[in-house]
Amino acid sequence: MVGLVVKFKNESTAARIYRDSSTLLGFGPRDLTFIKLGGGTVTTGSDTGLGQRSEVGSASVAGTTYYVAFFQKRVFTSFLIAYDMNSTDAERAVLNVNNRIR
């Protein structure tokens, strides 16, 4: 699993980065497009359990399982991707990261 959590100087900047679908060191919404193109599922908003500004996707492509989460909370924008990992464990890890953001 790879995770990237970036702290911005204020919440409006973090929200803008999320809203504008910006990439963080090469990670971002295009990874969710990969999930959709691979026949996976993508959940957005409060249904993810990560808040209104969030997207979570999972898919199995060429025998490999992917789990991707992209979300904004307070002054943070976060991106996590799990590769060949049990999706329950990946989801738990993402929720743990989200819960640690204060």
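Trainee: What makes E2 and strand E3 a pair?

Mentor: E2 and strand E3 (residues 54-61) are joined by four bridges in the antiparallel sense. One example is Thr-41, whose bridge partner in E3 is Ser-58. The strands themselves are DSSP runs (E, at least two residues), as helices are (H or I, at least four), numbered from the N terminus.

Mentor: Please bear in mind that this is a predicted model, in which local features need pLDDT of at least 70 and side-chain atom pairs count only at pLDDT 80 or more, while totals for chains, interfaces and linings use all residues. Residues are numbered from 1 along each chain as its sequence is written, and side-chain values use heavy atoms, with hydrogens and water left out.

Trainee: Which strands are called edge strands, and why?

Mentor: The open sheet has five strands in the order E1-E5-E4-E3-E2, with antiparallel pairing. Strand E1 (2-7) and strand E2 (41-44) are its edge strands, as each pairs on one side only. From one strand to the next, the twist averages 5°.

Trainee: How do you know that helix H1 packs on the sheet, and which strands does helix H1 touch?

Mentor: Helix H1 (residues 11-19) touches E3, E4 and strand E5 (76-83), where contact means heavy atoms within 4.5 Å. The direction of helix H1 makes about 145° with that of E4. Helix H3 (residues 87-100) lies across E1, E4 and E5 and runs at about 15° to E4. Such angles run from 0 to 180 degrees between N-to-C directions, with axes fitted to C-alpha atoms, for helices over the stretch in contact.

Trainee: What makes the approach of Gln-72 to Arg-53 a polar contact?

Mentor: The side chains of Gln-72 and Arg-53 come to 2.6 Å. A polar contact is a pair of N or O atoms within 3.5 Å; within protein, one must be able to donate a hydrogen and the other to accept it, and residues adjacent in sequence count only if both atoms are side-chain atoms. The side chain of Gln-72 also reaches the backbone oxygen of Arg-74 at 2.6 Å.

Trainee: Why is the meeting of Asp-89 and Arg-92 called a salt bridge?

Mentor: The side chains of Asp-89 and Arg-92 meet at 3.1 Å, N to O, and a salt bridge is a side-chain nitrogen of Lys or Arg within 4 Å of a carboxyl oxygen of Asp or Glu. Because Asp-89 and Arg-92 are three residues apart in helix H3, about one helical turn separates them. Arg-92 is partly exposed at 45% relative accessibility. The structure holds two salt bridges; Arg-19 and Asp-20 form one of them, at 3.7 Å.

Trainee: How many residues make up the largest nonpolar core?

Mentor: The largest nonpolar core has 12 residues in all, including Val-56, Phe-71 and Ile-101. E4, E5 and H3 each supply at least two residues of this core. The term denotes a set of buried Ala, Val, Leu, Ile, Met, Phe, Trp, Tyr and Cys residues joined through side-chain atoms within 4.5 Å.

Definitions and conventions. Two strands pair if DSSP finds at least two bridges between them. Buried means under 20% relative accessible area, exposed over 50%, partly exposed in between (1.4 Å probe, protein chains only).
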